[in-house]
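Subject: Structure handover

Hello,

I am passing on the structure we spoke about, with notes on what was found in it. Please read the notes with the model open.

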Amino acid sequence: MRADMPVPLVPTLRFPEFRNGPRWDLLTLSSASDVNPSNDGLPEFFIYIDLESVKSSMLIGRKEISRDAAPSRAQRLLSRKDIIYQTVRPYQRNNLLFDIDDGYEYVASTGYAQLRAHECPEFLYQLLHTDSFVNSVLARCTGSNYPSINPSALASIRVALPRKPEQHKIADCLGSLDDLIAAEGRKLEALWQHKLGLMQQLFPQAGETIPRLRFPEFAHGPVWDHATVADLVETVTPPRKLTTSTYLPDGRFPIIDQSQNYICGWTNDNEAVITRPLPVIVFGDHTCVLKFVNRTFAQGADGVKILTARRHVSTLFLYHQLKYRPVVMEGYKRHFSALKDRVVFFPDTKSGEQQKIADCLGSLEDVLAAQARKIDTLRQQKQGLLQQLFPSLVTK
């Protein structure tokens, strides 16, 4: 297997017991693993893994189908410890170390490359996520909107491997971090489910005029009023040509668009479209993403509506109720009209019940945001460690 001539490769960070050990060997990926190994045919029924089934190293979707109904891309029959590597938009790093033993057969799409490591699969899996390897893949990709790499080009990429004991040590270290990140991810999911269940109780269900759960001081309060969103909001038209230093000391504004990431960048452009500093709801008319913003910001795209509530409801209360029943996407239609027609129930603003609900759900959102930041920090720490534990190879 190690027929390639060794080169002087060592990582920046090495465990003490290997610091005086042999240098790493340089091989092609096809020398370190079997790329797209052949199989004897697909089983009659199996779980199909397509490009939407894997996210952040986790299998998030299961589709059990029959061989006769399977798409032509269902070809990669998986064995335990196989790696499936996303060859379309590989910068997303949505790859999977397959380690499932539940009695089902699994078949992956040809949108993945199937890698069967010759030595330590866990080590090879971590290696595939280093910046060095990903950059090598991207350098060989074709296509602009959906960059992809073909199997032969992927197989030719050079990788550096140490001896097996060091491979296992590195894999165990990074794997423990992955386990921690996964555990924190499960906590985040549990918090989301808790919030969803609470929202189901705090807002009236279909056909009902009061919620099933009310805070004690409002338990005997009146039936909630109702109106369409169109009657409850007004559109904010941001002024232009404002001096940004008026709002932020460093003269920068977050740019808000309709992406899931909330902030897509920063601007210090004095010609930027700047909202006035009041609570608003940003509605993405194509992606149906709702955001609550209570700071000055720049509007990042024309495809968003900036809304603030009228006197009948608080903006934050309305935001939470709209989040509870999001607008359903239908093709590429614009969805603001559907949002405006939605009927919303609300208690009297003077009673304080709106604020109580908003504060309760807002505090939960703060906990969710803190948990998400914790996971993001762990991922960044892992990525930094990853770059130090593997030698950096020059992309060719």
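The chain has a mean pLDDT of 84, and 79% of its residues reach 70 or more; pLDDT is the predictor's confidence in each residue, on a scale from 0 to 100. Residues 1-7 have pLDDT below 50, and this stretch makes 21 contacts in the model beyond near neighbours in sequence. Contact means heavy atoms within 4.5 Å. Over residues 241-249 pLDDT also stays under 50, and the model has 17 contacts for them beyond four places in sequence.

This is a predicted model, in which local features need pLDDT of at least 70 and side-chain atom pairs count only at pLDDT 80 or more, while totals for chains, interfaces and linings use all residues. Residues are numbered from 1 along each chain as its sequence is written, and side-chain values use heavy atoms, with hydrogens and water left out.

Helices

Helices (H or I, at least four residues) and strands (E, at least two) are DSSP runs numbered from the N terminus. Axes are lines fitted to C-alpha atoms, for helices over the stretch in contact, and angles between N-to-C directions run from 0 to 180 degrees.

Helix 5 (residues 164-202) packs against helix 7 (residues 315-324) at about 105 degrees, with the axes 10 Å apart. The two are therefore roughly perpendicular, a term used for 65 to 115 degrees. On the helix 5 side the contact has Lys195, Leu196, Met199 and Gln200, which meet His320, Lys323 and Tyr324 of helix 7. These residues divide into three nonpolar, two polar and two charged. Here Ala, Val, Leu, Ile, Met, Phe, Trp, Tyr, Cys and Pro count as nonpolar, Asp, Glu, Lys and Arg as charged, and the others, Gly among them, as polar.

Helix 7 also meets helix 9 (residues 353-389): their axes come within 9 Å and cross at roughly 65 degrees. From helix 7, Leu316, Phe317, Tyr319, His320 and Lys323 touch Gln354, Ile357, Ala358, Leu361, Gly362 and Glu365 of helix 9. This contact has six nonpolar, three polar and two charged residues.

Four strands form an open sheet with mixed pairing, in the order 6-3-10-7. Strand 6 (63-66) and strand 7 (74-77) are the edge strands, each pairing on one side only; two strands pair if DSSP finds at least two bridges between them. Strand 3 (residues 45-49) runs antiparallel to strand 6 and is joined to it by four bridges. Ile47 stands opposite Glu64 in strand 6.

Regards

Technical notes
Parallel < 35°, antiparallel > 145°, perpendicular 65-115°, else oblique.
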